[in-house]
Amino acid sequence: MNYLKGEGVPQDYAEAYFLFDIATAYDSQGDDSGTIYRDQAASHLTKTVLLATQERARKWLEAHPSN
């Protein structure tokens, strides 16, 4: 949330998207808030930045599979 709002860190929508995307991948409780915040961050990104950030998250998730 901090990167999305710029609280305590510089506002960075790509980093917010990355972190929320990972969080939603690990969410087993069905909580939609991560998806909502991820989509909010995405709305501030260009298509190029969004695609690069999605690829970064995909690679991170591949390297850190859930148990």
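Let me start in helix H4, where Lys59 and Glu55 sit four residues apart, about one turn of the helix. When I speak of helices I am using DSSP runs (H or I, at least four residues; strands are E runs of at least two), numbered from the N terminus.

Before I go on, please keep in mind that this is a predicted model, in which local features need pLDDT of at least 70 and side-chain atom pairs count only at pLDDT 80 or more, while totals for chains, interfaces and linings use all residues. Residues are numbered from 1 along each chain as its sequence is written, and side-chain values use heavy atoms, with hydrogens and water left out.

Back, then, to Lys59 and Glu55, which form a salt bridge whose closest N and O atoms are 4.0 Å apart. The term is used here for a side-chain nitrogen of Lys or Arg within 4 Å of a carboxyl oxygen of Asp or Glu. Glu55 also forms a salt bridge with Arg58, and there the closest N and O atoms are 2.4 Å apart. Arg58 and Glu55 are three residues apart in helix H4, so they too are separated by about one helical turn. As for solvent, I call a residue buried under 20% relative accessible area, exposed over 50%, and partly exposed in between, with a 1.4 Å probe and protein chains only. On that scale Arg58 is partly exposed at 35%, and Glu55 is partly exposed at 32%. Through salt bridges that share partners, Glu55, Arg58, Lys59 and Glu62 are joined into one network.

How many salt bridges does the structure hold? There are six. One of them links Glu15 and Arg56, whose side chains meet at 2.9 Å, N to O. Glu15 belongs to helix H2 (residues 13-26) and Arg56 to helix H4 (residues 47-63), so this pair ties together parts that are 41 residues apart in sequence. Is Glu15 buried or exposed? With a relative accessibility of 18%, Glu15 counts as buried, whereas Arg56 is partly exposed at 40%. If we leave aside neighbours within four places in sequence, Glu15 is in contact with Tyr3 and Arg56, contact meaning heavy atoms within 4.5 Å.

Let me turn to the nonpolar side of the picture. In soluble globular proteins, nonpolar side chains tend to be buried together. A nonpolar core, as used here, is a set of buried Ala, Val, Leu, Ile, Met, Phe, Trp, Tyr and Cys residues joined through side-chain atoms within 4.5 Å. In this model the largest such core has nine residues, namely Leu4, Ala14, Ala16, Tyr17, Phe20, Ala41, Ala42, Leu45 and Leu50. Helix H2 and helix H3 (33-42) each supply at least two residues of this core, and H2 gives the most, with four.

Helix H3 deserves a moment of its own. Its buried residues include Gly34, Arg38, Ala41 and Ala42. Viewed down the axis of H3, the buried residues fall within an arc of 100°, so they line one face of the helix; the arc is that of the directions from the helix axis to the C-beta atoms. These buried residues pack against helix H1 (2-5), H2 and H4. Arg38 is buried at 17% relative accessibility, and, setting aside residues up to four places away in sequence, Arg38 touches Tyr17, Phe20, Asp21 and Thr24.

Finally, the aromatic residues. Rings of Phe, Tyr and Trp (its six-membered ring) pair if their centres lie within 6.5 Å, with planes under 30 degrees apart counted as stacked, over 60 as edge-to-face, and the rest as tilted. A search of the whole structure finds two such pairs. In the Phe20 and Tyr37 pair, the ring centres are 5.4 Å apart and the planes lie at 35°, so the pair is tilted. Phe20 is in helix H2 and Tyr37 in helix H3, so this pair ties together parts that are 17 residues apart in sequence. Phe20 is buried at 11% relative accessibility, whereas Tyr37 is partly exposed at 29%. In the Tyr26 and Trp60 pair, the centres are 6.3 Å apart and the planes lie at 85°, so the pair is edge-to-face. That pair links distant parts of the chain, with Tyr26 in helix H2 and Trp60 in helix H4, 34 residues apart. Tyr26 is partly exposed at 34%, and Trp60 is partly exposed at 32%.
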